[in-house]
Amino acid sequence: MRHSPPLLASEIDGCRSRMMDAGWLCRVAMSIVAVSAVVLTVPQIVSADDVQDLADAIDRRISARWKSDKVTEAALADDAEYLRRVSLHLGGTIPTVSVARKFLADQSPLRRRRLVDNLLDSPQYITNFSNFWTRVMLPESATDFQALAQRPGFQAWLRQHLGNNTPYDALVYELLTTPLAGERGMTSVMQNPGSLSPIAFFTTKQIKPENLAAATSRMFMGIRIECAQCHNHPYDAWKQEQFWGYAAFFAGIERINRTDDSIGQVKEVFDRRELTIPDHETVVQATYLDGTQPQWRTKISSRRTLADWLTSKQNPYFAKSTANRIWGHLFGVGIVDPVDDFGANNRPSHPELLDELAASFTAHQFDVKFLIRGIVASKTYQRSSRKTDPSQSEPQQFARMAVQGLTGEQLFDSIAVAIGYLEPFESSQPFQFNQSTPKIEFLELFAPDNKSPTERQTSILQALALMNGQFTASATSLEQSATLTAITEFPRMTTAARIEALYLATLTRKPRPEELDRLIRFVDEGGPSKNQKQALADLFWALLNSSEFLFNH
């Protein structure tokens, strides 16, 4: 991993002045703020030995491959690199200066384990993983305005379950079986945006059996069966009849009283379990993807029958695909990659490890937090991102940590932490539709691009917005920045201490000696403006716009 070089006074001033001439290039508003659900956290007791056993198993499997492939692994990350990495992965943002100072001063051998426990018990974990699971389950909300309007209720539902650490199988079961029809057999599914419900999962898929089949198989089993919708899969073993047999579990859902393209009202016929393949006369019965036949119960939604099988411990796909997805989030690349493509031609890099992760995840009742604890406790996860040997080039060797681009949410929230910014909240309009706020503008510009974290790059437009945008400019001005005000006005603080505080606020590390020496001279001389406070503001701006800040290492 190549780190940013020490900053020169001329580089800071020249770059900033050039970018200020470019102007603010893009201001667009798409109004949505996910609602937070106030929940009680119910901690689960997990044996420390179980966590370490899983971590050791990971390291054994990975090390065995290194040995056979003659790979030299990277050194372990230092505390600062680990702190920033795990804070972004679990909490979705960089840590505050006070948290960084406390952790870096901690000499306890258990400090990393305690850090992870604190992050998993924090509100930031709930927010971060509600964003994560929304991207997985409701990808339409990133680009479709109608789907976006339904996102708050969906995220409120997610946050309630994340706050209670609901087992993942129970969460998916509730999602798949959420009622779509009322006591009279029908209801309107377009509910209040703030209602706490996963119903948006169905409405964003237009409540079409083929859309729901493609989405649920990919999201919850890692199977891209949609290519078999119109014909037998060209590259895999899936047949067209298998696709429609799986889609038939959703055959009982009917849309009625439609006058336009809206969903309208919905009726569900519980005992309907077959579909006719479009443009064919073939009628197929609902069948599981492993080929087994369901045991039907009268007047019970076929979605419940599907959910019983999909989330069961016997399902050969469910635990593996979930473990692989969490692994992919933490490493930037899955054991199977892409993480939702368990195809015949896309074999896992470490099949025995994936089996072990899935077995442990299942044995611990699908506890996502347990799985996270085991992975981040491993030495494999704790490797540095700095490349020290050519054998570390292959990402799926996991010989070093892959450098990952931040999501829009992570980047905005990290800037907010660094500058001391709090997003305003209007209680009269909690969802903020059609309003312009810095976060909404920022997320619009940094909308998801469906690329993997290791391929995510900052575009020229995004870079210009960061460097020259009003939000960053205000955040690094002496008049408006809370962080700068605190650092520049604090009495009896040396120049070195002020520079260190800026580094901790942005990069979660202290400056290296060569950086500190050069920057002390730059600040003491006042930079181009011959003003020490302005020189600190220029340094702050440069750090926020550095590649080291924009990526998770």
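How many of the 553 residues of the protein chain count as buried, as a percentage? In this predicted model, the figure is 52%. The chain is built with 25 helices and seven strands.

**The whole chain**
- Take the contacts between residues at least 6 apart in sequence: 73% of them join residues at least 24 apart.

**What most backbones do**
- Most peptide bonds are trans, and most residues other than glycine have a negative phi.

**A cis peptide bond**
- Going from Asp 337 to Pro 338, the peptide bond is cis, and its omega sits near 0 degrees.
- You'll find Pro 338 in the loop that runs between helix H14 (318–331) and helix H15 (351–363).

**Positive phi at Lys 299**
- Lys 299 isn't a glycine, yet its phi is positive, near 60 degrees.
- Look for Lys 299 in the loop between strand S5 (283–285) and helix H13 (302–310).
- Lys 299 has a relative accessible area of 67%, so it counts as exposed, a label that needs over 50%.

**Positive phi at Phe 398**
- Phe 398 is another residue other than glycine with a positive phi, this time near 55 degrees.
- Its place is the loop between helix H16 (368–376) and strand S6 (404–405).

How values were computed
Residues numbered from 1 in each chain as written. Predicted model: local features only at pLDDT ≥ 70, side-chain atom pairs only at ≥ 80, totals over all residues. Heavy atoms only, no water. Helix = DSSP H or I, 4+ residues; strand = E, 2+ residues; numbered from the N terminus. Buried < 20%, exposed > 50% of the residue type's maximum accessible area, 1.4 Å probe, protein only. Contact = heavy atoms within 4.5 Å.
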